[in-house]
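I opened this model to look up its fold, its domains and the surroundings of its ligand. My entries are below, in the order in which I made them.

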Amino acid sequence: MSGVPERLFVGGVWRDASDGRTIDVHDPATGDVVARVPNAADDDLDDVLAAAAAGFATWRRTAPAERAAVLRRAALLLAERAEEVAAVLTQEQGKPLAEARAEVRQAGEYFDWFAGEAVRSYGRVLATEPGRRSWVERRPVGPVAAFTAWNFPASLPARKLAPAVAYGCSIVLCPAVEAPRTAMALVAALQDAGVPDGVVNLVTGDPPRVSTHLIASPTISKITLTGSVPVGQELVRLSATHLQPLTLELGGHAPVLVLDDLDDEAVERAAATVVRAKFRNAGQVCVSPSRIFVQDGVHDRFVAAVLDRVAELRVGPGADPDTDVGPLANERRRAAVAELVDKAAADGAAVRCGGRVPDGPGWFYPPTVLTDVPPGAALLAEEPFGPILPVLRFTDLDEGLARAGHVPYGLAAYVFTCDLARADTVVAGLDVGMIGVNETALASAASPFGGVHLSGYGREGGTESLEAYTVATAVTTKGT
Ligand code: NAD
């Protein structure tokens, strides 16, 4: 994109990899190579560590109001550049342009919201005996290594950049190499907003090599990842040497409970909401509804309404304004999705629509609805991360809750009901980080995002970010 060098950003300088190596970036709608970004070499990674150490030394001593001003200016710049950044996002990740625009807007909201928080990193004063004073202050944790997945190339980096900058850390952002230029645009906005050299850095390269190299350095004082469970487990292992604290958001397998107190109109609304949430970003969303448990009394009506709504969805390139569902972001994702559906069908599930890899270029996979899915089907245990909507039948609420909780993940869950008491029962009965009642939009700058069990630990977003990006230092003084 004009004005954004597609390069590494190290100590305030955009540059190529020292050995000139690059990685191809593809357009998922065509499979074509649309850019080449640097494949950082070991000496680039050493340079970025030195830059982040120097950046932290400056930034930790910078007044919170100045940090806030940088974030506010960056938010404004991002808003000015939104159309251009959204076009890049769609080109490298595939989602429809309207979704890309909304995501870039949300990234700006993170910058803006954390600008407000920068001046509110309060500590506390403890009650103590006369002659002594004791207080707890929040200090920036230090240089952060941040790893982000390809499914939200703007909002995931923003959710990490914004609190790091607000609370006085420096950061090395390692965006997914599948969709790195959106993150480069965010970093360029921070640079143009006046963030000092070394505070914000960005490297692209082979992910295991980058994470191994960075985390092996005692300079890195904090690790944050939005990605998959195996990668999260690997970063935990790498952190064992220097014991850096981690924030891990590792996906989920969100259940939806649709209860039988809904009247016909409410069933239609629930189906429309679930379909919208399910096929947003072609289902490549960690909080995507992925196991839909529908109570007997409304099951058939719900399935019919879902099939009507899905029939209206238009699949195509994200850049086409008529597109509702774009391609999957990479070829391995499409292969994984196709395998899950094929296996479920072979095990006896009914494929009610979709379910076949289309001919032609690009990594498209149609919105797919399954019913009669056998309990042992792999797609009920593995995170599907694609446009698959399995509808499952249940009879009583306890049974529905037990089946909804029967996965090792605990990120998000949803319930559709008009009965407040039953909503309370479901909310209390689900062991997850986020719950929506008659609602599927969960993420916002003000709200803590994260899960339990294999979905990871720690929270980003909301005032909980203060825990993630600062350390509590207790000071006690006594007059002599
Ligand atoms: P993957 O585990 O190969 O890669 C996920 C991301 O992690 C990639 O973008 C990559 O850049 C990064 N990564 C990979 N190895 C790394 C390493 N050793 N160190 C640091 N970063 C590393 O998975 P995938 O094939 O891209 O997606 C498969 C699964 O990942 C999905 O089914 C889903 O469960 C999960 N996922 C979750 C989220 C989320 O929002 N939590 C996002 C994307 C993918």
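**Entry 1: ground rules.** I am working with a predicted model, in which local features need pLDDT of at least 70 and side-chain atom pairs count only at pLDDT 80 or more, while totals for chains, interfaces and linings use all residues. I number residues from 1 along each chain as its sequence is written.

**Entry 2: whole chain.** I find 14 helices and 21 strands in the protein chain. The radius of gyration is 23 Å, close to the 23 Å that the globule rule gives for 480 residues, so the chain is as compact as a globular protein of that length. Helices (H or I, at least four residues) and strands (E, at least two) are DSSP runs, numbered from the N terminus. The radius is taken over C-alpha atoms, and the globule rule is 2.2 Å times the number of residues to the power 0.38. Along its principal axes the C-alpha trace spans about 75 × 60 × 40 Å.

I count 54% of the 480 residues as buried; that is, 20 or more other C-beta atoms lie within 10 Å of the residue's own, with C-beta atoms placed from the backbone. For contacts I require C-beta atoms, placed from the backbone, within 7 Å. Among contacts between residues at least 6 apart in sequence, 72% join residues at least 24 apart.

**Entry 3: domains.** The domain assignment gives domain 1 (8-250 + 452-476) and domain 2 (254-437); such bounds come from an automatic or database domain assignment. Their C-alpha centres lie 31 Å apart. I see 21 residues of domain 1 in contact with 26 residues of domain 2. On the domain 1 side, helix 3 (82-93), helix 4 (97-118) and strand 20 (452-453) are the elements that give two or more residues. Helix 4 gives the most, with three residues. By class, this side of domain 1 has nine nonpolar, eight polar and four charged residues. I count Ala, Val, Leu, Ile, Met, Phe, Trp, Tyr, Cys and Pro as nonpolar, Asp, Glu, Lys and Arg as charged, and the others, Gly among them, as polar.

**Entry 4: ligand.** Which residues come nearest to the ligand? Of the 23 around it, they are Ala149, Ala176, Pro207, Ser211 and Ser228; a residue is near if its C-beta atom, placed from the backbone, lies within 6 Å. Helix 7 and helix 8 are the elements that give two or more residues to this shell. The shell divides into twelve nonpolar, six polar and five charged residues. It draws at least three residues from each of domain 1 and domain 2.

**Entry 5: helix 7.** In helix 7 (residues 207-215) I find Val210, Ser211, His213, Leu214 and Ile215 buried. Their cover includes helix 1 (42-59), strand 7 (144-148), strand 8 (171-175), strand 10 (222-226) and helix 8 (229-238).

**Entry 6: strands.** Strand 3 (residues 22-26) and strand 4 (residues 33-38) pair in the antiparallel sense over five bridges; pairing takes at least two bridges found by DSSP. Aspartate 24 stands opposite arginine 36 in strand 4. The two strands form a hairpin with six residues between them, and glycine 31 in the turn has a positive phi of about 85°.

I also looked up an open sheet of three strands, with the order 5-6-21 and antiparallel pairing. Strand 5 (124-125) and strand 21 (470-478) are at the edges with a single partner strand each, so one side of each is left without a neighbour in the sheet. Strand 5 pairs with strand 6 (residues 132-140) over two bridges, and arginine 124 stands opposite valine 136 in strand 6.

How values were computed:
Buried ≥ 20, exposed ≤ 12 C-beta atoms within 10 Å, placed from the backbone. Contact = placed C-beta atoms within 7 Å.
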